[in-house]
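Subject: Structure handover

Hello,

Here is the structure we talked about. Please open it first, then read on for what turned up.

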Amino acid sequence: MRLSPNTSPDPKKKSYFKELLLIFFLGCVFFAYSSMPISTHISKSIPQKIPEATPPKIQPPVCIEMIGNVPLRDQIQTIDCSQQGPSFTLLWGEGTDGIGLKGYDPSACNGISSGALPAHIQAMEDGTMWIADGYGPRLVQVSSTGEIIDEILLPELRRPDISQIPALVGFTFQITEDQILYVMDTAKKRILYYGMEGDFRGSFDIGYIFYNPERLLQVEPFFSVLPGPIFRIQIHMKADEDRLLSDIEEFPIKDVAATSAQGFYDVPLQPSNHIGMYVNKVARIISIFDPSQEEAFCSYGSEVKFSLPPAHFSSEKYSFQLQQIHYKTENHTFTTKITLLEPQWKGGGFLGGDKNGAIYYWVDSQTIGIIDPLHQQTPEIKVHYIKIPKGFLHPVAVLPGGGVVGMRTKKETIEVYRFIAET
Amino acid sequence: MKRFFTSCFLVSFVFFTLGISHPSSRALENSQWTQPGSIADVSSSYKLYAFSTTNILLTCEDPHFHIDILDNPESFVITTEKPSTIQIQSKIHQPVVLRFHANSAVRFRYADPYIAFKEYAAMFKELSIPWQRRIYIEDYLSPIEGNQKKYPAEMFYLPDLVTFGAPYTWGGKESLQSIAMKLHKNNSLFEGIPAHFQEMIRNQDVMHPVNLDEGESIWDPSRGNENPSYWTGVDCSGLLQQCCYYAGLLWNWRTAPRIASGDYRGTNSFSLVRPGDVMVLKRDGIVVHFGVISKKGVSIPTTYMIHSAWFTNYHYNTNTLQKVVETSLSEFRSVYQWDIVRLSVQDI
C-alpha cells in the first residue's frame, strides 16, 4: 500500500491536539499559582496598589528628633479664664428651635436620659462653628454670636425602619480645608461625604478593605481625615490566632480562615482583633497601628501623633512622645519628634491643633496646655496653659486662630465658652 | 464449650483493655468544668477551662503532688521551683482534662487573675449571636419624670422595630451556659410573644435600681420587671460579677482599693492603672456604670475597657447597636467622673 504524498494530519485531530496543549498549559499555571504561599501573593500585591493615594515621587522625609521638658506649673504662663462667663447661650430642648430633643435632665441616673447632648463641635475660620446635633441627626451651624444660621440633615444615619422620622443618633464628623464634610456612620460601617450645602456626595464602605466585608465587626467613632483624603480609622475585625500576636505588622498578610470559635460551654464566639489603619478612598491600606499605643489628629495640613516614649527612655521620667508631620506639598513632608516630660500631665488626650500649628491637650480637668509648633521648639519647651472654669465642659474644640471653644449643658440652655489664646 | 469460654474470655479481655486504655474519654463524660477555688475531691479527673492566656496554677500541701494531663495535647506543664505547685500553660479557649495524684485538696487559680478577668469579659464581647435592638425613637420620655411611658403600648408588639437576639437585660446575670441553651430560641422568627418570654427570673442582685420603666425591655409584662430572662444578656455589673467568679476575683468594688480617679480630661495616678482594673463611672456622685480595663494605653483616649452598654447609642458618638463592647475611655466624656479600683483575689 502506498501512502499518498499529501497525507497531512486530520484538521480535527490538530485542533484536538491544540486544545490538549492549552489545557496542559492552563493546568501548569493553575498548579504553579496555587502552590505559591498565600503570604507571597499578598505581600507582593499590596505595595503595588498603595501608590494610588500616595504622592508619585516621595522625597526622603526630613525628620528632627529632640527631647524636651515642660517647666513646672508656676513657671508657665497661664491664661486664667476660670472666672470667665459664657460667650453666648444656645437654646435646646423640646419645643425650642434649638439643639437636641428634650433638654438636659440632671435628675436622671442613667446619664443623659432624654435629650441629644451635642457630642462633637468644630470651629471654623470665619468664626462660626458646626455642632453635631444627635436629634435628627443633623449638623447645625452657629454664628459667632449664637444664631443658628444653617443646618445639614443627615437622614442616612438613621435606622432604615425609622428613616422617615427624626431620631436620636450619635455620630462624629470632620470638615476638611477643601470644604468637604466627612461623617462616620458606625452602624453601616462607612464614611459619608457631603458638600457644605448638604449635598450627599457618596460614601466609603470600610468593609471593602477586606476581601470578605463580614470580617469587619465594629468601627470606632473617632476618625480623622488627612490630605488625600486618607482616613485614619480604628476597627475590630474577625481574627483567629492573630489576636494573640503582639506584632500587628503581620496584618493583613496573615489571612483568617476560621470565622468562629467555641468558647466556654461551646458558646459560639467571633474572635476579634483591634487594629488601627490608614486607608485611602478606594480601600487600600496605607499603614496600620496599634490604637492603644497611638493617638492622632489632623488639621490645617499637619498631623500630630501622640504615643509612648521610645523604649530606651524611662517611661517614669518621660511622659509621652509628640510627632508633628507637616504635609507641605504633595511630595514633600517634614516631621518633628519630641519626647516630652510633662510633669503636670494627668493622662488626658488631645483637643486638636490650630492653623498656626500649635497643639492643644488636656493637662488636667481644669487646665488646657498649648504647645507651640514642634519645629519651633527647643529642649525648654514653649508651652502655656489656659485655666478653665470648674465643672464639665463638653464638647470642646480648638479655635483656628488660637484658643478653645467648649459647651456646658444645662437644663434648657447650652452655654458656649470661648477662651482666646493667640498662638 | 471450651472454645465458647475462650471466645468469651478474649472478647472480655479486649473490651477491658480498650476500656482502661482510654481513661480520658470516660473522664470527659463525667467530669465538670472547674472554676478557681479549692478542689476537695482529688480522686477523679477535672476539666479546667483555659479561656485566658494566663497560666493555670495548681497547689497542694502534698509534697508528692503531681498530675496527668489526659486530654489537650497543646497544653503542657511548666515546672516551678516551688514545691507542690504545678503551672499549666494552655492555648486560649482549650479545656485541659487532668487527673490529680494528691492526698489532700488541690487549689486552682490563674497565675494572673486580672488578665483572666478581662479575657473572660472579652468572651462576652465576642459572642457571635446578635444582640437585641432596643427601640429608641422620638417619643422617648424620661423614666424619672413621672414615670411616663417611653413608647406607645402598641409599639411593644411591632416586630419591625425589633432585632431578635440576646437583649441587654437589666440585672440579667445570665451565664454563658444559659446563653448557649437559649441560642436556638433567640434565632427563631417572631410569631407573637412566645410563651417562654413570660418566664421571669427575678434577680435581686442588681446594682442600681434605675431603668425599671415599662417598655425598657419590650418583653416586660409589667413595670418593674425589666428582666425578660428567657432572652438573655448581661448588664454592666452583671458582666463583671460573672467574670470575677470565673477568674477567681472578689466582686468587692465598694471596698476595693482605689487606684486612680478623675475624668476624661485628667485622672490622678493614671500611670498605675493596668488591665483587669475596674472602671466605676459616676454621675453627680452616683454610680451609673462599670467596665473592666482591657488595654492600658499611653493616655486616656488610648486606654480601652470592655463593658455592657446599658445606655442607648446616641450617647457614644455612634449609631451602632450596642452590647458588650470594647471602647476607648474617651467615649465617656461630658458629665462622667470615674474611680478605677482593683478587686481582691479570691482567697483559696
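In what sense do strand β10 (residues 172–175) and β11 of chain A pair, and over how many bridges? The pairing is antiparallel, over 4 bridges. Please bear in mind throughout that this is a predicted model.

Start with β11(A), which covers residues 180–185. This strand is mostly covered, with 5 of its 6 residues buried. It has β10(A) as an antiparallel partner. It also pairs with β12(A), residues 190–195, again in the antiparallel sense and over 6 bridges.

On one side, Met184(A) is the bridge partner of Thr172(A). On the other, Met184(A) stands opposite Ile191(A) in β12(A).

Gly170(A) counts as buried because 26 other C-beta atoms lie within 10 Å, and the cut-off for buried is 20 or more. Gly136(A) is 34 residues away in sequence, yet its C-alpha is 9.8 Å from that of Gly170(A).

**Nonpolar cores**

The largest nonpolar core holds 87 residues. The members that touch the most others are Ile131(A), Val183(A), Leu351(A), Tyr360(A), Ile368(A), Ile386(A) and Val404(A). Take Ile386(A) as the example. Beyond its neighbours within four places in sequence, Ile386(A) is in contact with Ile79(A), Cys81(A), Ile368(A), Ile370(A), Val404(A), Phe419(A) and Ala421(A). Another core, of 70 residues, lies apart from the largest one. Its members include Phe51(B), Ala122(B), Leu127(B) and Leu239(B).

**A four-stranded sheet in chain A**

Chain A has an open sheet of 4 strands in the order β3-β31-β30-β29, with antiparallel pairing. The edges are β3 (88–91) and β29 (396–398). Each has a single partner strand, so one side of each is left without a neighbour in the sheet. From one strand to the next, the twist averages 20°.

**Chain B**

Chain B has 5 helices and 16 strands. Of its 348 residues, 48% are buried. Among contacts in chain B with a separation of 6 or more, 71% join residues 24 or more positions apart.

Now look at two of the helices. How far apart are the axes of α3(B) and α5(B), and at what angle do they pack? The axes of α3(B), residues 113–125, and α5(B), residues 236–247, are 8 Å apart, and the angle is about 130°. That angle makes α3(B) oblique to α5(B). The crossing is right-handed. From α3(B), the contact uses Pro113(B), Ala116(B), Phe117(B), Tyr120(B), Ala121(B) and Phe124(B). From α5(B), it uses Leu239(B), Cys243(B), Cys244(B), Tyr246(B) and Ala247(B). Leu239(B) is also one of the members of the 70-residue core.

**Backbone points to check**

Most residues other than glycine have a negative phi, and most peptide bonds are trans.

- Gly228(A) to Pro229(A): the peptide bond is cis, with omega near -5°. Pro229(A) is in the loop between β15 (224–226) and β16 (230–238) of chain A.
- His394(A) to Pro395(A): this bond is also cis, with omega about -5°. Pro395(A) is in the loop between β28 (383–387) and β29 of chain A.
- Tyr300(A): phi is positive, near 50°. Tyr300(A) sits in the loop between β21 (294–299) and β22 (302–307) of chain A. With 17 other C-beta atoms within 10 Å, Tyr300(A) is partly exposed.
- Ser269(B): phi is positive, about 60°. Ser269(B) sits in the loop between β11 (266–268) and β12 (278–283) of chain B. With 14 C-beta neighbours inside 10 Å, Ser269(B) is partly exposed.

Best wishes

Definitions and conventions
Residues are numbered from 1 along each chain as its sequence is written. Chains are lettered from A and ligands numbered from 1 in the order in which they are written. This is a predicted model: local features need pLDDT of at least 70, side-chain atom pairs count only at pLDDT 80 or more; totals for chains, interfaces and linings use all residues. A residue is buried if 20 or more other C-beta atoms lie within 10 Å of its own, exposed if 12 or fewer, and partly exposed in between; C-beta atoms are placed from the backbone. Two residues are in contact if their C-beta atoms, placed from the backbone, lie within 7 Å. Two strands pair if DSSP finds at least two bridges between them. A nonpolar core is a set of buried Ala, Val, Leu, Ile, Met, Phe, Trp, Tyr and Cys residues joined through C-beta atoms within 7 Å. Axes are lines fitted to C-alpha atoms, for helices over the stretch in contact, and angles run from 0 to 180 degrees between N-to-C directions. Angles under 35 degrees count as roughly parallel, over 145 as roughly antiparallel, 65 to 115 as roughly perpendicular and the rest as oblique. A crossing is left-handed if the near helix is turned anticlockwise from the far one by less than a right angle, and right-handed if clockwise.
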